[in-house]
Protein chains: 4
Amino acid sequence: MLNIAVIGAGRIGHVHAKTIAAHPGATLALVADPFGDAASKLAEVYGARHTTDVDSVFTDEGVDAVVIGSPTPLHIPHLLAAAKAGKAVLCEKPIALDMKDVEAARDELGAVSVPVMFGFNRRFDPSFAAVHAQLEEGKIGDLENLLIISRDPSAPPAEYVKVSGGIFRDMTIHDFDMARFFLGDIVEVHAFGQNFNEEIREAGDFDAAVVTLKNAAGVVATIVNNRKCSAGYDQRLEAQGSTGTLNADNIRATTVRLSNAEVTDAAEPYLDFFLQRYADAYRIELTAFIDAVVAGTKPTPSIDDAIEALRLAEAATESAKTGKPVSLA
Amino acid sequence: MLNIAVIGAGRIGHVHAKTIAAHPGATLALVADPFGDAASKLAEVYGARHTTDVDSVFTDEGVDAVVIGSPTPLHIPHLLAAAKAGKAVLCEKPIALDMKDVEAARDELGAVSVPVMFGFNRRFDPSFAAVHAQLEEGKIGDLENLLIISRDPSAPPAEYVKVSGGIFRDMTIHDFDMARFFLGDIVEVHAFGQNFNEEIREAGDFDAAVVTLKNAAGVVATIVNNRKCSAGYDQRLEAQGSTGTLNADNIRATTVRLSNAEVTDAAEPYLDFFLQRYADAYRIELTAFIDAVVAGTKPTPSIDDAIEALRLAEAATESAKTGKPVSLA
Amino acid sequence: MLNIAVIGAGRIGHVHAKTIAAHPGATLALVADPFGDAASKLAEVYGARHTTDVDSVFTDEGVDAVVIGSPTPLHIPHLLAAAKAGKAVLCEKPIALDMKDVEAARDELGAVSVPVMFGFNRRFDPSFAAVHAQLEEGKIGDLENLLIISRDPSAPPAEYVKVSGGIFRDMTIHDFDMARFFLGDIVEVHAFGQNFNEEIREAGDFDAAVVTLKNAAGVVATIVNNRKCSAGYDQRLEAQGSTGTLNADNIRATTVRLSNAEVTDAAEPYLDFFLQRYADAYRIELTAFIDAVVAGTKPTPSIDDAIEALRLAEAATESAKTGKPVSLA
Amino acid sequence: MLNIAVIGAGRIGHVHAKTIAAHPGATLALVADPFGDAASKLAEVYGARHTTDVDSVFTDEGVDAVVIGSPTPLHIPHLLAAAKAGKAVLCEKPIALDMKDVEAARDELGAVSVPVMFGFNRRFDPSFAAVHAQLEEGKIGDLENLLIISRDPSAPPAEYVKVSGGIFRDMTIHDFDMARFFLGDIVEVHAFGQNFNEEIREAGDFDAAVVTLKNAAGVVATIVNNRKCSAGYDQRLEAQGSTGTLNADNIRATTVRLSNAEVTDAAEPYLDFFLQRYADAYRIELTAFIDAVVAGTKPTPSIDDAIEALRLAEAATESAKTGKPVSLA
């Protein structure tokens, strides 16, 4: 039985706490959050211990592994502290907003051998994972084109946008990881940033974007992003191979379709938002983490995956600002 | 080049005239309609001759074949006159409303050898025909169940209903032929008649019905009828076999799908009405007729098919009225 | 916190035990099963007590409610014992195979006031429930037709069939409840039984059927059953109303669609079997039970619903055997 | 009645000849083709005159309008000769492969006032046109993103590729026009060229590409091209607006869907190839041309549209070769 601590009792901390509590091979041992009674409230639901002293987690003998759901600027400090204390780590994305910090962290982590995994949960989405698995099995031949449509239901507040690191580091980061999941290393990036939301423009960020990426074999991935989508959280993927195409569509709460004088075969809006849409993915991700820790194998996505996704975010940011493609070869 | 006359310059006469004119192996030779200038107007469009004297069609040396689109009570007289005059015949459905009349006609026709075909156009619908062909090819094993959903967009006037012969002879007749197309001879019929439309109830007819039919092998077909469907002309079919299922869905004018805050993936209403929905079927049907006449082969659906569909309509009428199944064994 | 005992540690007992354990308002207190170590094994997973003495459940002070997942012949004895002991009861379907037994049970239950609910889980399926709710909201006007397609993935062994009470009591019973959920009281039933499976024919049962049912308002429901479906557990529903139609489609594990030279837009087989397909339904059903017990309200489906579904099963059995419709007015 | 001549009795000439012959407001007066008996054979089908002397078309008093379906290098000479002779012109795409030639032609055409239209038939496809019309009606608010997926069923011979002007001028030209149809003037183009086909690579061309285009308002269009698609001629479009999204899907010959143990809901491959997929579009295009000529209005797509599409093709060619975006502002 793996004893796991959750750092950060916010939205994502709740998801992980629930999943850990329900996992037959894990126990939610401790919830840590420095603010108010967030930790105690969450811990109580699952009969776990709680603390407002986050540092105490790293020296807690009853903790084998740590799930880091703290604010982004704390990811690296918490990650390093946990890993150096010998705790296995599952860290939420993005690892950080600045590449120098991440590379320094990687160097420090090089000396420790505990399992460290990063929360690119979409790799574990059953539909996206099935597309990937069927591609690997040769069901559509060799990959030639990948299309990722990824739109949020509505734009975050400008206050959030200002500290988010920008759309590419904050939102597209998931899509960059998905592109790498399918294409491997990327050698060139081009991005068109778009502004339809005045507040976000004033906050200095884009609210939509189209990013194209190419790997060394010439496979191209296109990412279509928008901070807002009327129909809900629009998360689709299409992989075209030399002998076929695989699509993964959006998910709705029910299969109900309405036909009347105005519309036929009309489904309901998409599952909204990521906690709902990727509920299965979070659960499977955590299981993969626990399985790797128990088996002593190296979990993925690794810190190198986190670094490469961030590198693509930086390249897209530069491309969208300068209007020039960025070479990563 | 087959010279064809069209009797009846109404809605269905227009369909056939257009198809004949466009067919490379046929010529629209003559249009006959006793009322006003209907014949001359239709004939003019395609450069054909016209007449208000329908009887003259049967002695016209420039006519090889006749398409009968006159009112139902005239079907048999026109059919017999044409066939006895040595003209090939394509007759619209239903052949008649009374079984005695039809059986007498069959006896009279027995003495002539010209090709006679009946206008159950749905057998020629590309989707329904493909389901039938794939079933014949063994793609779903042996047929176990057939489901026909057949709803008109809106109820006809009560005046029409009164002379229509009732829903089973007038509307379901097509579905009975489709059931026979897939199941062959039917041994038992059960029908629930339904009344949601007051005018039609007062006219002494049902405006909806569910009919179940069984063949000797135990295969069951279900026909779901309604004189009214908000979403348009609802024409679907599902054949379940021992190793698979085939569906034919409705048709829309475009493939466009709308997603917004209320609906996702919403298509437009169905093609409405039979002239649109079955435009291809009418064209392919006429080609089959012309091909059979040219090749000298016996076309189907035959008069026996027309009789058997009418027999099912009579059985369903009886079942819906008495509440008892009717055996046809 | 409601303390619940599960009687019967078989397949369905596992489902309920897991759901109870995960429910924030309930505790899995006790698992009872007379055979071997089934109870202890299941109890251990969730830290519950266990016993092989089923009768001890009814006198257990630590038990507030009982979920009955024992074999069908024991449903009524367990139900009565539990209810008389003042325990709330959720009893699996079918309540029994013989109407006399059920009516006697109802009379006995009349004297007790504990909440008693029956496990027609499909009422709680999110898609079917959404169709029902949208119909109630008037989204498609008044109901005119209901179509239920319900096919199992593969036939059960003949040994099972022999003691099952027949397809209508064993399999269609769920569809009868669904028909009643939408149509209310049924006044007439007609059934065609079908035989495609030799073993089941020899066991004296049908392996497929088409049942039509009518309520007093003339609304007709059609149930299409088959013990075998190549594509998986085929569970669909279509409600046609005066102003629109609602459909609920099958569910797959992923949304992936494949297109290649043979097929386009091809989905994977349906979720297979009921434990997967109706996982959400079982969970929501149990929550409804717990909510009703906690709130002191009368849960549905009630024993009257169980009786009426059984009455329809008996009527369909008679109709399929005699070839005559059965009136229930 | 408009008397129309068709120049070029090849594949596309056949399409236009048939459409003209069936149009109630037009007559196929003349078919001209210098090679063999192509013209006489095609003319015979529709009872038209024929000639191998193409130049005679321009002085033919019985010709009001000319449809140019000759090889690309002859488009401009035929177009200028016809227009100067006072004939209305519908010219197939691409107008030419070299921008200088086209600009010179535009200058020459400036002096004549006959209607001249260019054959970007996809604007007339019912589904794409419906998306455009619904966007114009405000059904999805303001356009923010356009996605065009356009894949041919199989690669043309390398011999064809060598004289085609390259994928962007030959194949993407249609998609560029579609992008302009929705976005208007484009200010920046980026293209990734791809090579999966060795023969085409050796012929100096790409066989797949992803092109992104931006207009002055910041709307981005993405074109995903491939010379080969296993599932058939893959022609889709998605327009995302501020309040909704519109999709146009592929078309199949039937609506049939197959479900079995391997696949469910599987459709057949897409209509293949452009003569089938865009049959309606060609017909509606010609009607628009005839209507404009009869009404004396200026038809679109105009020569400016043809020029702008070619300009985008040149920009994409440059971008794919240099790796840099091309500004068109």
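UniProt positions are given here in the numbering used for this structure, and such annotations may be inferred rather than shown by experiment. With that in mind, the unreviewed UniProt entry places the feature "domain: Gfo/Idh/MocA-like oxidoreductase N-terminal" at residues 2–116 of chain A. The model discussed below is a predicted one.

## Annotated spans of chain A

Residues 128–246 of chain A are 30% helix and 37% strand, with 10 Å between the end C-alpha atoms.

## The pair formed by chains C and B

Two copies of a chain are related by a rotation about an axis and a shift along it. Chain C is superposed on chain B by a rotation of 180 degrees with 0.0 Å of shift along the axis, leaving an RMSD of 0.0 Å. The two copies are therefore related as by a two-fold rotation axis. Within chain C, the C-alpha nearest that axis belongs to C:Lys324, at 3.3 Å from it. Both copies use the same surface, since 100% of the contact residues of chain C recur in chain B.

Chain C and chain B each contribute 35 residues to the contact. The size of an interface is often given as the accessible area lost when the parts come together. For chain C and chain B this buried area is about 2,700 Å², with 51% of it on carbon and sulfur atoms. Six salt bridges cross the interface of chain C and chain B, and one of the salt bridges between these chains joins C:Glu238 to B:Arg236, with the closest N and O atoms 2.8 Å apart. Between chain C and chain B there are also 21 residue pairs in polar contact, counted where both residues have pLDDT 80 or more.

On the side of chain C that touches chain B, the elements giving two or more residues are strands S7 (143–151), S8 (186–194), S9 (208–215), S10 (220–226), S11 (234–241) and S12 (244–248) of chain C. The largest share comes from S7(C), which gives six residues. By residue class, the side of chain C that touches chain B divides into 12 nonpolar, 15 polar and eight charged residues.

## The pair formed by chains A and D

Chain A can be laid on chain D by a turn of 180 degrees and a shift of 0.0 Å along the axis, with an RMSD of 0.1 Å. The residue of chain A that comes closest to the rotation axis is A:Lys324, with its C-alpha at 3.3 Å. Because 100% of the interface residues of chain A are also interface residues in chain D, the copies meet through the same surface.

The contact draws 35 residues from chain A and 35 residues from chain D, and about 2,700 Å² is buried between them, carbon and sulfur atoms giving 51% of that area. Six salt bridges are found across the interface of chain A and chain D, and A:Glu238 and D:Arg236 meet through their side chains in a salt bridge. The interface of chain A and chain D also holds 21 residue pairs in polar contact, both residues being at pLDDT 80 or more.

## Salt bridges

Over all chains, the count comes to 100 salt bridges.

| Salt bridge | N to O distance |
|---|---|
| C:Glu238 and B:Arg236 | 2.8 Å |
| A:Glu238 and D:Arg236 | 2.8 Å |
| A:Arg311 and A:Glu308 | 3.3 Å |

A:Arg311 and A:Glu308 are about one helical turn from each other, because they stand three residues apart in helix H13 (residues 303–322) of chain A.

## Backbone exceptions

Most residues other than glycine have a negative phi, and most peptide bonds are trans. The bond between B:Thr300 and B:Pro301, however, is a cis peptide bond with omega about 0 degrees, and B:Pro301 sits in the loop between helix H12 (279–295) and helix H13 (303–322) of chain B. A cis peptide bond also leads from D:Lys93 to D:Pro94, with omega near -10 degrees; D:Pro94 is in the loop between strand S5 (88–91) and helix H5 (99–109) of chain D.

A:Asp265, a residue other than glycine, has a positive phi near 65 degrees. The place of A:Asp265 is in the loop between strand S13 (256–260) and helix H11 (274–277) of chain A.

Notes: Residues numbered from 1 in each chain as written. Chains lettered and ligands numbered in written order. Predicted model: local features only at pLDDT ≥ 70, side-chain atom pairs only at ≥ 80, totals over all residues. Heavy atoms only, no water. Least-squares fit on C-alpha atoms with pLDDT ≥ 70 in both. Contact = heavy atoms within 4.5 Å. Buried area = accessible area lost by both parts, 1.4 Å probe. Salt bridge = Lys/Arg side-chain N within 4 Å of Asp/Glu carboxyl O. Polar contact = N/O pair within 3.5 Å; in protein donor to acceptor, adjacent residues only side chain to side chain. Helix = DSSP H or I, 4+ residues; strand = E, 2+ residues; numbered from the N terminus. Nonpolar A, V, L, I, M, F, W, Y, C, P; charged D, E, K, R; others polar.
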